[in-house]
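Me: Got a model I'd like to go through with you. Can we take it piece by piece?

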Amino acid sequence: SHGDVTVVRIAGRLTEAFKGDALGRTLRGRVLFDLGAVDRVTSFGVREWLSMFAAANRDVTECYLGRCSESVVNQLGMIRKFDGGARIISFFAPYLCDACGHNFERLFDCEFEAEVIEGGARDTVKCPSCSEPARFDDDARTYLGFATAHLRQPVPADLRALHDSLANAAAP
């Protein structure tokens with residue numbers, strides 16, 4: 001807990017081992033999910049994830065998803081209700097450097113980078129390995145489509161500070 005915000009960090013795989021209903025029943029008030037370390041979501045994981053939101057629905061007053069990994073973004077793009085009604089603050093997207101072949105992720109912020117997201121992530125990003133320009137490495141319309149509903153939505157200052165400290169402290 002950070003003040004009145006509960007931060008839930010989920011790492012690894014979301015599978016049948018993830019007990020969404022049990023977690024959902026423990027959540028109250030304001031919740032921020034840090035999903036940067038989720039590396040896979042199975043169909044059973046989707047079921048458990050949705051069960052978590054169903055169990056938490058009446059007791060959670062505000063819910064945010066931050067640092068959504070590529071695995072989470074793929075589910076957000078395929079399953080309309082995967083966000084559980086939460087607001088998405090940020091998400092990772094894949095990039096590729098044509099000069100050195102390095103694959104890496106870039107964190108997008110839905111509040112502050114709406115134009116870049118709407119423009120298909122065509123911004124210039126330097127490769128962290130060789131500093132040459134890198135490009136977005138997916139179909140922009142498909143990958144970024146889920147974000148439209150979350151763009152330009154202001155994040156409360158205390159949640160913004162908490163999210164930013166998580167983003168600065170942890171790599172995907």
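Reply: Start with pLDDT, the predictor's confidence in each residue, from 0 to 100. The protein averages a pLDDT of 95, and 98% of the residues score at least 70. This is a predicted model: local features need pLDDT of at least 70, side-chain atom pairs count only at pLDDT 80 or more, and totals for chains, interfaces and linings use all residues. Residues are numbered from 1 along each chain as its sequence is written, and side-chain values use heavy atoms, with hydrogens and water left out.

Me: Which elements have the lowest and the highest mean pLDDT?
Reply: Helix α6 (residues 157-169) has the lowest, at 92. Strand β4 (residues 87-88) has the highest, at 98. Helices (H or I, at least four residues) and strands (E, at least two) are DSSP runs, numbered from the N terminus.

Me: On to the sheet. What is the order of the four strands?
Reply: β6-β5-β8-β7, in an open sheet with antiparallel pairing. Two strands pair if DSSP finds at least two bridges between them.

Me: Which strands stand at the edges?
Reply: β6 (103-109) and β7 (125-126). Each has a single partner strand, so one side of each is left without a neighbour in the sheet.

Me: What packs on the sheet?
Reply: Helix α3 (residues 70-78) does, touching β5 (90-97) and β6. Contact means heavy atoms within 4.5 Å. The direction of α3 makes about 110° with that of β5. Axes are lines fitted to C-alpha atoms, for helices over the stretch in contact, and angles run from 0 to 180 degrees between N-to-C directions.

Me: How many bridges does β5 make with β6, and how many with β8?
Reply: Seven with β6 and three with β8. Leu96 has partners in both: Asn103 in β6 and Arg135 in β8. β5 and β6 also form a hairpin with five residues between them. Gly101 in that turn has a positive phi of about 80°.

Me: Is β5 buried or exposed?
Reply: Eight of its eight residues are buried, so β5 is largely enclosed by the rest of the structure. Buried means under 20% relative accessible area, exposed over 50%, partly exposed in between (1.4 Å probe, protein chains only). Both faces are covered: Ser90, Phe92, Pro94 and Leu96 on one side, Phe91, Ala93, Tyr95 and Cys97 on the other.

Me: Which residues touch the most other members of the largest nonpolar core?
Reply: Phe33, Trp49 and Phe91, out of 45 residues. A nonpolar core is a set of buried Ala, Val, Leu, Ile, Met, Phe, Trp, Tyr and Cys residues joined through side-chain atoms within 4.5 Å. Not counting residues up to four places away in sequence, the contacts of Phe33 include Val8, Trp49 and Met52. Apart from that core lies another, of eight residues, among them Val5, Tyr64, Ile89 and Val155.

Me: What does the side chain of Thr142 make a polar contact with?
Reply: The side chain of Asp139, at 2.4 Å. A polar contact is a pair of N or O atoms within 3.5 Å; within protein, one must be able to donate a hydrogen and the other to accept it, and residues adjacent in sequence count only if both atoms are side-chain atoms.
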